[in-house]
Amino acid sequence: MKIGYIRVSTEEQNTLRQEVLMQELGVEEIFIDKLSGSNKNRNDLIKMMAFVRKGDTVIVESISRFARNTKDLLELIDQLSKKEVEFISKKENIDTKTPTGKFMLTVFAAVAELEREYLLERQKEGIFIAKKQGKYKGRKALQYDNFINVYHQWKSGNMTAIQAIKILGATKSTFYRRVKELESCNNKL
């Protein structure tokens, strides 16, 4: 089955041009969203992703109508692939049934990965510089006023670790990290 996905950014925008294209391509079912592409939680996109079945083909006018960033695009394509659903973007001439189409998506994936690595690298550099300038000190550690009391209750066996964590409102890893810090301080004394 050929399934069309149409998106415009606002309620006021017209979908007619995309609808005519879908009709020309023999699309049998159309899903239309009038919402920004930066939002992955689009009603008809979600419905379409649930609707498609093995052997179907999803057709879009252009990739920007389907997803606004490479990460979202690749996640959506991966979901379609797992369902054995093909994807066609007319404007970019991408068809995952063809070796060239699969290659183009691979290129998109590589670019996305490179983009993400560059972002992380810039973020680390920025944090390093901010730390050197005294502008970045990390997030403040959560304070637990009753930690010592809860710790002693736990250590003496009057409560379980799960109970202690719940009383403190901490995570498991935070609780045990604080225990380790406290015990290492006590060992130094």
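These legends describe close-up views of a predicted model.

**View 1. Strand S1 and the strands paired with it.**
Strand S1 covers residues 2-8, and six of its seven residues are buried, leaving the strand mostly covered. Strand S2 (residues 29-34) runs parallel to S1 and is joined to it by six bridges. Within this pairing, Ile 3 has Glu 29 of S2 as its bridge partner. S1 also pairs with strand S3 (residues 57-60), again in the parallel sense, over four bridges. Here Tyr 5 is found opposite Val 60 of S3.

Helix H1 is made up of residues 16-24. Together with S1 and S2, helix H1 forms a β-α-β unit, and this unit is right-handed.

Helix H2 spans residues 43-51, and its buried residues are Asp 44, Leu 45, Met 48 and Met 49. Viewed down the axis of H2, these buried residues fall within an arc of 140 degrees, so they line one face of the helix. An α-helix has 3.6 residues a turn, so residues three or four places apart point the same way. The face of H2 turned away from the buried side carries Asn 43 and Lys 47, which are exposed.

**View 2. Met 48 and the largest nonpolar core.**
The largest nonpolar core consists of 20 residues. Met 48, Val 58, Phe 66, Leu 73, Leu 80 and Phe 87 are the residues with the most contacts inside this core. Two or more residues come from each of the elements S1, H2, S3, H3 and H4. Of these, H4 gives the most, with four residues. In soluble globular proteins, nonpolar side chains tend to be buried together. Met 48, one of the buried residues of H2, is in contact with Ile 3, Tyr 5, Phe 31, Val 58 and Phe 66, leaving aside neighbours within four places in sequence.

**View 3. Ser 62 and the residues around it.**
Ser 62 is located in the loop between S3 and H3. Its relative accessible area is 2%, and since buried means under 20%, Ser 62 counts as buried. The side chain of Ser 62 is joined to that of Glu 61 by a polar contact of 3.2 Å. Another polar contact, of 3.0 Å, links the side chains of Ser 62 and Ser 64. If residues up to four places away in sequence are not counted, Ser 62 touches Ser 89, Lys 91 and Glu 92.

**View 4. Ser 64 in helix H3.**
Ser 64 belongs to helix H3. This residue is partly exposed, with a relative accessible area of 23%. The side chain of Ser 64 makes the polar contact with the side chain of Ser 62 described for the previous view. Ser 64 and Glu 115 are separated by 51 residues in sequence, and their C-alpha atoms are 18 Å apart in space.

**View 5. Glu 84, with a positive phi.**
Glu 84 sits in the loop between H4 and strand S4 (86-89). Its phi is near 60 degrees, which is a positive value in a residue other than glycine. Glu 84 is partly exposed, and its relative accessible area is 46%.

**View 6. Asn 93, with a positive phi.**
The loop between S4 and strand S5 (94-95) contains Asn 93. Asn 93 is a residue other than glycine with a positive phi, near 55 degrees. Its relative accessible area is 65%, and Asn 93 is exposed.

Conventions. Residues are numbered from 1 along each chain as its sequence is written. This is a predicted model: local features need pLDDT of at least 70, side-chain atom pairs count only at pLDDT 80 or more; totals for chains, interfaces and linings use all residues. Side-chain values use heavy atoms; hydrogens and water are left out. Buried means under 20% relative accessible area, exposed over 50%, partly exposed in between (1.4 Å probe, protein chains only). Two strands pair if DSSP finds at least two bridges between them. A crossover is right-handed if, with the strands pointing away from the viewer, the path from the first strand over the helix to the second runs clockwise. The arc is that of the directions from the helix axis to the C-beta atoms. A polar contact is a pair of N or O atoms within 3.5 Å; within protein, one must be able to donate a hydrogen and the other to accept it, and residues adjacent in sequence count only if both atoms are side-chain atoms. Contact means heavy atoms within 4.5 Å. A nonpolar core is a set of buried Ala, Val, Leu, Ile, Met, Phe, Trp, Tyr and Cys residues joined through side-chain atoms within 4.5 Å.
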